[in-house]
Amino acid sequence: MEHPAAKRRCGPPGGGGRPEGPGLGAAAEGGGGRAETLLDLSAKRVAETWAFEQVEERFSRVPEPVQKRIVFWSFPRSEREICMYSSLGCHPPEGERDSRVPFNRGLHLLQSGAVDRVLQVGFHLSGNVTEPAGPSEPERSFHVSISFDRCKITSVSCACGSRDIFYCAHVVALSLCRIRNARQVELRLPISETLSQMNRDQLQKFVQYLISAHHTEVLPTAQRLADEILLLGSEINRVHGAPDPTAGAGIEDANCWHLDEEQIQEQVRQLLSNGGYYGASKQLQSMFNKVREMLRMRDSNGARMLILMTEQFLEDPRLALWRQQGAGMTDKCRQLWDELGALWVCVVLNPHCKPEERTLWLALLKKWNKLDVCPLEEGNYSFDVPGATVVLQPPSVPSTAAARQTVFGRAIKAGELRWGDCHLQKILGSEGYGLGMKTGGDQLCFDPQGRPLWLGDPFPTACARVDALRSHGYPREALRLATALSTTMRLQRRHQLESYKQQKKDAAVDGKKKVLYQHVPIPSSPGSGASYLVLALEVALAGLGQQRAMPEGLYAQDKVVRSEEQLIALLDEMEPDERLVQVLRKQAALLLEGGPFSGFGEVVFRESVPMHTFARYLFTALLPHDTDLAYRLALRAMRLPVLETVMPAGDILHQNPLDSMMANRFPRWFILGHLETRQCELASAMLTAAKGDPKWLHTVLGSIQQNIHSPALLFKLAQDACKTATPASAPPDTTLLNISLELGLQVMRMTLNTMTWRRREMVRWLVSCATEIGVQALMNIMQNWYSLFTPIEATTIVAVTGTTPATLLRLNLAFGQRDELWARARAVALQCAMKDPQNCSLPALTLCEKDHAAFEAAYQIVLDSAATAGMGHSHLFTVARYMEHRGLPLRAYKLATLAFSHLSIAFNQDTHPAVNDVLWACSLSHSLGKSQLSAIVPLIIQSVQCAPMLSDILRRWSLPPPGLAALSGRRHAAKPPAAPGLDKAPLCQLLEAAIAAYVSTTHSRLTHISPRHYSEFIEFLCKARETFLLAPDGHLQFGQFLDNLKQTYKGKKKLMLLVRERFG
């Protein structure tokens, strides 16, 4: 943004007379080890704080040497700002650094001598920067112009035409040239000073030469200005002085570094449109980091740039779409909005901002906060979407409109805070504040040791103050306030826990690993042994252990989990020494006895954030030093109250019918699965650590059975415990194995009536686990199968797997024990067959093959089930085929006849699933003899109405029957029986049924036949004729049948024509 040129007087020069000397000696730059002159010291100060117009108004006559020194020192003196405004803070690999970061490219151009013709005229710097020739580009030279004021670059211009947020490499090269080689740069006073020294002729010559040199560009403008000046009443003649672009900014002009607002808006808009890509999110985060860097440098452009970015974020079209759909935004976008809100908290808490700046920021934040598309802090729009489903809320939950908290809500509240409190200023001002006050003074401001406290804000707000101080470049003040907050939190916890009478001193052990953090003593607590590391650990443990409610919204809940895990990861990096172990033990004991203030207290609210992840860290850290405390803490943390029943048993008769529904719907924990996984990990850690200790193993088992409600996680725990109990190079731990089996049995009971896709895997694992324990465990699960398994699982998996050769070999049983195990497996199979004969009969028969009595009992179960419709035809045919395979054809035939009583095949079911079974049964009865054939024909006629199938059976029976290899040992037939005739019983009955089926099927098909099925119908008649011809008078019957068709369906002329062509 270009500032307007300052107006300069047209009268005599302010300096009067000729310059007395160059005034650019070594002492002026402060070089050569010399002390700076008073002129340079004062010129530096004036150049930083005063606009040059203010200098001219303040002093009627400013000598030219003084002007030159002010102009000289007005250019930025530090390369840090130049670097900040020429990169986004990215640090590419060394090989790519010069080609990607403008600052490094500009530095390379300067070092290669690419900058020449540098001239400073007043507050304007210009020069040429030459780009060397590349592989495909010629050498190019760019003219660069820079305006500056009060040690800030206020505008830049480069002929390269680069359009980016920050300075191009050519501007960087010229700026660094002026900073590093200030003595070699030619310096001139503002051009108005030079013009004031010319007479009329010189001025006319100057103007004419200037117009001649640039007549194509300035001639129209020069003529317009000349006309206005010659017009006495013109506006230009009413204004005193004339603008001078080299005279610096005016008094009223804003003094800030050049920032291209249009480019910032355009780039943020483009990056948001590509928000689904990782690179776009990363670059936006880099822009946020640049804002933080500006805030740390106390540059006013930090807030200015953040305003521009916020406006573009609110114009993101996806916000309206997400709000309309009532959906949450993506994780990447949510993280960016979270960072945006945090930055605004830092901005409004700026300790050195002006009141009018704070007022402007708060007005913008309140305006943005009212927008419908402004994201909520918890990250979803589901409650305030027009047309969204109304959700019942408990009476204790405030209305959505009143509780609406956007991402700017915290910043608006932070805008009400001030830094003028006297006690706060003293905390920030000195590390020794309060050291002389041991017990006296204001008790609300100091602890008993005289260390300062800060109770002026809630703890999160006070932490925001610390972050703001650090972000605005006040690290020492931030550390002092953080120390006071830690002391305050420690004292508050002590007062809270006094009512519960806790205090237990713990022994400490020496740390053995490399120390990543060191103890730095706290200046305000000399001789007490306190350090920042101890204080940090104590505050972290106290904060993580506080009982707090789970927030609403997916993103807010996810942020709670991620923040906790990040903090615990930092704690894991601490190697516990003697002092840290003492803190761990003390804080753990306080957490157990902390009552409602602690997440480990005896009573926790249903909506409290679970302590599983934190408890696992404490358990691991405390276990080598205090086993009892570690287990007590971890067992207390196993609770997950949100899954427990909250309605007392006595209130069931008096409760509202909607209460149970509301209890299930509120609160809505989106991360419940993640929390249950962390609960499982805590339990697994305790089981692994308790290996070899039956007391703690059984205690942990009871806690797991009481608190873990997910079958999948219980199964994982059981698997992990079994793996831990059976190491490859050591004998198994029997107690842990039994606990693993007990967990598996609980999973079986929980999932018995709610089948899952992993159920078969669970059953197989349970059998293998019982096998590891011994034969008695295996027999116990067989004996109690009805409460653990379905009949099909007990028969096909438990009984079969428990009696395989591999299992028997693994158990190393005696013959008597083997017989007992087999008897138990056969008993289970028979019980399952009685309960579910349809699915368990065949496995039961297979298991009972080697025991005649058991096999006969299983066969009788099949017969009884068939008689009572307990088994379908498909299962009966399957068992019948098994019987034939076993060499029992008569039993197979019996079962086949029973299957026909449950079978019905319609006239159009040519591809019925039972077709092959029917043909097999017919083949079986044919091979057994005429009596069996005669008995099965009526059953076939009753069950099968499909004409093609009946004709196929006729043709099969017209052939000689196959011999029965299974009967060769008991029968000695000289030759197989001859095929029965089709004109005699029982096949004549089947032939009549087949002809009748063809007739009825033909009429059924002709009722709704279409021309595209004519050819298929003719083929069907061909098959019917083949069946008709099997009868003695079949030719006559078929002819009469065709005549009947032609007479009945004479309206279907085309079809009847095809019939005549084919059959006459």
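Which residues in H22 are buried? In this predicted model, helix H22 spans residues 459-471, and the buried positions in H22 are Ala462, Ala464, Arg465, Val466, Ala468, Leu469 and Ser471. The helix has 13 residues and reaches 18 Å from its first C-alpha to its last, close to the 18 Å expected at 1.5 Å a residue. Just after H22, the backbone at Gly473 takes a positive phi of about 85°.

Helix H8, made of residues 169-180, can be read in the same terms. Its 12 residues carry the chain 16 Å from the first C-alpha to the last, which is close to the 16 Å expected at 1.5 Å a residue. Of the 12 residues of H8, 11 are buried, and H8 is therefore largely enclosed by the rest of the structure. The buried residues of H8 are Ala169, His170, Val171, Val172, Ala173, Leu174, Ser175, Leu176, Cys177, Arg178 and Ile179.

Two packed helices are described by the angle between their axes and the distance between the axes. Helix H30, residues 672-689, packs with helix H31, residues 694-707, at an angle of about 165°, and their axes lie 10 Å apart. Because angles over 145 degrees count as roughly antiparallel, H30 is described as roughly antiparallel to H31. H30 passes H31 in a left-handed crossing. On the H30 side, Gln679, Ala683, Met686 and Leu687 take part, and they meet Leu697, Val700, Ile704 and Asn707 in H31. By residue type, this contact of H30 with H31 divides into 6 nonpolar, 2 polar and no charged residues.

H30 also packs with helix H27, which consists of residues 612-622, and here the axes come within 8 Å and cross at roughly 20°. Because angles under 35 degrees count as roughly parallel, H27 is described as roughly parallel to H30. The crossing of H27 and H30 is left-handed. From H27, the contact draws on His612, Thr613, Ala615, Arg616 and Phe619, while H30 contributes Leu675, Arg678, Gln679, Glu681, Leu682, Ala685, Met686 and Ala689. The residues of the contact of H27 with H30 divide into 7 nonpolar, 3 polar and 3 charged.

How values were computed
Residues numbered from 1 in each chain as written. Predicted model: local features only at pLDDT ≥ 70, side-chain atom pairs only at ≥ 80, totals over all residues. Heavy atoms only, no water. Axes fitted to C-alpha atoms, helices over the stretch in contact; angles between N-to-C directions. Helix = DSSP H or I, 4+ residues; strand = E, 2+ residues; numbered from the N terminus. Parallel < 35°, antiparallel > 145°, perpendicular 65-115°, else oblique. Left-handed = near helix turned anticlockwise from the far one by under 90°. Contact = heavy atoms within 4.5 Å. Nonpolar A, V, L, I, M, F, W, Y, C, P; charged D, E, K, R; others polar. Expected span 1.5 Å × (residues − 1). Buried < 20%, exposed > 50% of the residue type's maximum accessible area, 1.4 Å probe, protein only.
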